[in-house]
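Work through these exercises with the sequence and the structure side by side. Each task is followed by its solution.

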Amino acid sequence: MLSINQDIFEIIQAKFSSSEVVRCIHLNVSLFTELSNEEYRILALVTKKSNSALFLFFCKKPNPIHLSDLFIETVIPIDENFECFSDTILGEDKYLLFIVKYRNFILEFRIKTGLESSNFASEIIKCKERSLYENCDHRWLFKYSDVKSPLDCTENKSQSPDIPFVRQNMAQNQNAINRESMLKYQLKLKEPEFTQYQEFTIFTGTWNVNGQLPSISLKPWLSCDTEPPDLYAVGFQEIDLSKEAFLFNDTPREAEWEKMVLEGVHPNAKYRTVALTRLVGIQLIVLINIKHYQHIKNVAVDTVGTGLLGKMGNKGGVAVRLDLHNTSLCFVNSHLAAHVEEFERRNQDYKDINARINFRRHPTAIKDHDQIYWLGDLNYRITELTTSQVKTLLLRNEMATLLKADQLNQQKERGNVLLDYNELDITFPPTYKYDLNSDTFDTSEKARPPAWTDRILYRGKGIYQQKYRSHMELRISDHKPVSALFKSEISVINQAKYRKVHEELLKRMDKLENEFLPQVTVDQTEIKFDLVRFREPQFRDIIIANTGQVPAEFEFIKKLDEQSYCKEWLRITPYCGTVNPGEKCDIRLEVNLETDLVELDDILVLHLNGGKDMFIIVTGKGQRSSFTTSMRALCRMSKPIMTLDDEQYRKIIALDGEVLYSVPRELWLLVDHLYTHGLTVKDLFESNSTQDSFIRLRDWLDFGSTEPISVSVETVAETLLIFLSYTKEPVIPSNLQNVAIAASSNYHNCKNIINEKLPDIHRNVFLYICMFLQELLRHSSENGYDAKTLASLFGEILLRDPIRNSKPQASRGKSNFIYNFLVNDLSTSIIPIK
Amino acid sequence: MSGGPYNYSYIFKYIIIGDMGVGKSCLLHQFTEKKFMADCPHTIGVEFGTRIIDVCGQKIKLQIWDTAGQERFRAVTRSYYRGAAGALMVYDITRRSTYNHLSSWLTDTRNLTNPSTVIFLIGNKCDLEAQRDVTYEEASKFAEENGLMFVEASAKTGDNVEEAFLETAKKIYQSIQDGRLDLNAAESGVQHKPSTPGRNNLSSDNQGSKDNCSC
Ligand SMILES: Nc1nc2c(ncn2[C@@H]2O[C@H](COP(=O)(O)OP(=O)(O)OP(=O)(O)O)[C@@H](O)[C@H]2O)c(=O)[nH]1
Ligand SMILES: [Mg+2]
């Protein structure tokens, strides 16, 4: 798996020029809006100098194997406009939503949670943080201008506000990345408040030992100063020239030289190895005075071979990075290409080392450290002068002329190598090439011109070089060791001050978090409806205004142990939504009473996602109506329901009183009207009458009138259906429905149910309706109805389900049941009607 | 950059309950904003506030729900008790009736929360000594009999406000430490901070300081 990643990594790197370094990649990302999983995408974080950008690649295959399998879909520069954060995806814990914003440009990705994503996210955050201190220059991205990029996203295309969105996420605790990166960023800004500089002496040394055994004390080199340094970085080259070392990168010399170093360090302090790294013969040891050991963190090493085939370890560089207190340090020991004329190769080696050293933790690259110390056998020679000329100039101490002829100085001046690095003036003689065990320059046949091959340079703030020298007395190699002593300013955290700043920041963020909770006001929290009447909807609008600083997602939510967020007589539209800051949203509350409820009373809970809940009280009075009163009560009413006084009404509802009618008076009025006016009307039950005419008829029934019915016969027919649909109990009571359906194939059994099981008034109503329907069927040539149609229409109503709106059940059985009573003679069960 | 965890490691859910006007919203406001609201409207709903505190070196995020005290909302506010790790039960020392109702608030709390929920009794408005209607002693006795923690506080002066919230958190934290509170129970009212990309190992940090907590 790792190797696949590595391969893809390299393919992606190949898409870029060598100065554009792919820092890390994330495979298998998908756009959140995309539902298909057929698309493969890769995110890559690419850095050029101090500028970074996020590249989105579209790939043709899940694992691209060729440059042509990949193309760049989107480029997002990382600077102060760039933001990223994560969010949870509802119902998914293996994936998270990774949101990238650049001004108004937003991309949402779905990525797998895990190490890869967390590393990737923290790398991005680091780049973002760094972009805040550096001048951003995105010109390098212009060549990708044919791809979609937020750089050309104009400001005014705003669809959603930026900051609030982030803050909202903060408020919802869903965004620890964001909170954390914000805190870190703020801490970084406040660093001067809780750090101070402390001077550390750093001793760096380099020696090409020419494969010689470690046989002499290194004290004259490592302990030549009076005071013990705080830190040592000691580099060797060519510690082992054997084939074994070259091929297997394994040598007993490593430990031997380390031992020599430990024995050679300053006697007035104790040291401990922080890191040791080696590539074939190139070795680097970093030691720390033990009193500072606990302040060293995040130690990492890496090596890069630039030798044979551009990757073997006979040449190349090794590096150690670490944090000392609050300053990041990087030490590089390199052995660059040999031979006088190969200076361009050396320049290239230097570039390769820079590009390829990757510490796999932040910062990953050499250049991103606060302080860098670069030492080694850089192998630059003196050109244009013969051996004897060099020697003569040395004797005359004409250093300036010599240093001008030094290739490193020349290449550096042209900007080809070690740009921005400093080197103290050289005052010591060339360190190469000497006869072994002597201080005499090469007397062999080749008589190579002496050169300053062994060098130490530095880059970064607060570094003051004290000494730069060679050590003649170490004679076993054809090179002389070199050392440089630095006084370097290391940023040290004052724990007390740090805690205080940290505490304050946390408090401020708490406050922000409360401030950025969603806030809305509602224009009324008590809604009173007027008298609410049967099937006569009323509505009220309330206004939700977002008075906060973030979009407010609202939703009416259920209370404990309740089925729905509101009572069945109420409807809320919309019951959820989002209101942007400064904006409003109308919510319509609609009551529609279909029961005999008198006290309408509900408390709605308006919930803000990530914020508070508000209660809205809804009240109203329901008006009594014959439509919602039980048929047994209606048969006891001598006059319209609304003309009863409260006392009479209460008595009748309690079924206290004499039965006056065999079917409810209202039912009789409706059916009688249809007998007279409706038998020959085509499609009698199919017209949709107006709400207004229904209400007139309802009131005509409930209040009573001396006027005749003034609405169309179709309205009367529809009102009859409504009346039968809302009777307090279905005409065939719920508990008899299954028996009725079971009996539906046998008229005799059906008749038995009606005669023996039904309460009197229900039986009367049932037979009364059936007789009316039979009468209707006698006029079927005019009204177009047949028994089957009527049976299924009235089956659904007379045997209606106890819970309204639930799916009609076994409707064939219901209609079969009714059918029996439409096609058989009912005269045996004649009922008297008053 | 060195330094410990930047973020909180637990979330504790609190509810604040008690009769209307006893000062629940003012207590919350004093705790989160360090300010007193002289004319605070009745809460019609449930307000929400958060603050990160430090208990035994642990950063803990408090999520506080301030409920409406009016009697007619009682049925609805009962929905909010579930999953509270701490319940701050407030009465007004200048109004006896608010004290008399405590037993009914307590019954609700006991019925609707779990046994490990920490209940903290607050006698608010202790700045109004002249109008005192409930003595410290009797409230203290009530608290003791019912196993509640208790202070008198003032949302106006800020006296003991911080203490009430923090002591509750300490008690909850202790319950976690000695295992009385099961973090995995859905309704414990305590959440481990969700592990998030960016920084891991928060939980292992917790383990480290577990034993040397001296609170
Ligand atoms: N003197 C004094 N007044 C207080 C104190 N705390 C609250 N008040 C006042 O008491 C009144 C009610 O306070 P709130 O915080 O709104 O009471 P509440 O318990 O939230 O009331 P509901 O939201 O209706 O349940 C306000 O006018 C406050 O100014 C206090 O400690 N001292
Ligand atoms: Mg309140």
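Rings of Phe, Tyr and Trp (its six-membered ring) pair if their centres lie within 6.5 Å; planes under 30 degrees apart count as stacked, over 60 as edge-to-face and the rest as tilted. The model is predicted, so local features need pLDDT of at least 70 and side-chain atom pairs count only at pLDDT 80 or more, while totals for chains, interfaces and linings use all residues; side-chain values use heavy atoms, without hydrogens and water. Residues are numbered from 1 along each chain as its sequence is written, and chains are lettered from A and ligands numbered from 1 in the order in which they are written.

**Exercise 1. Which residues do ring pairs link into a cluster with F534(A)?**

Step 1. The cluster joins F534(A) to F627(A), F694(A), F723(A) and Y726(A).

Step 2. Count the aromatic pairs over all chains: there are 40.

Step 3. Helices (H or I, at least four residues) and strands (E, at least two) are DSSP runs, numbered from the N terminus. F534(A) lies in the loop between strand 20 (526–528) and strand 21 (538–546) of chain A, and Y726(A) in helix 18 (residues 713–726) of chain A, so the pair ties together parts 192 residues apart in sequence.

Step 4. Check accessibility. Buried means under 20% relative accessible area, exposed over 50%, partly exposed in between (1.4 Å probe, protein chains only). F534(A) is buried at 2%. Y726(A) is buried at 9%.

**Exercise 2. Describe the pair of F766(A) and F821(A).**

Step 1. The ring centres are 4.9 Å apart and the planes stand at 90°, so the pair is edge-to-face.

Step 2. F766(A) belongs to helix 21 (residues 760–778) of chain A and F821(A) to helix 24 (residues 811–823) of chain A, so the pair ties together parts 55 residues apart in sequence.

Step 3. F766(A) is buried, at 0% relative accessibility. F821(A) is buried too, at 1%.

**Exercise 3. Which residues of helix 20 of chain A meet helix 24 of chain A?**

Step 1. Contact means heavy atoms within 4.5 Å. Y747(A), C750(A), K751(A), I753(A) and I754(A) of helix 20 meet F817(A), N820(A) and F821(A) of helix 24 in chain A.

Step 2. Sort the contact residues: 6 are nonpolar (Ala, Val, Leu, Ile, Met, Phe, Trp, Tyr, Cys and Pro), 1 is charged (Asp, Glu, Lys and Arg) and 1 is polar (the others, Gly among them).
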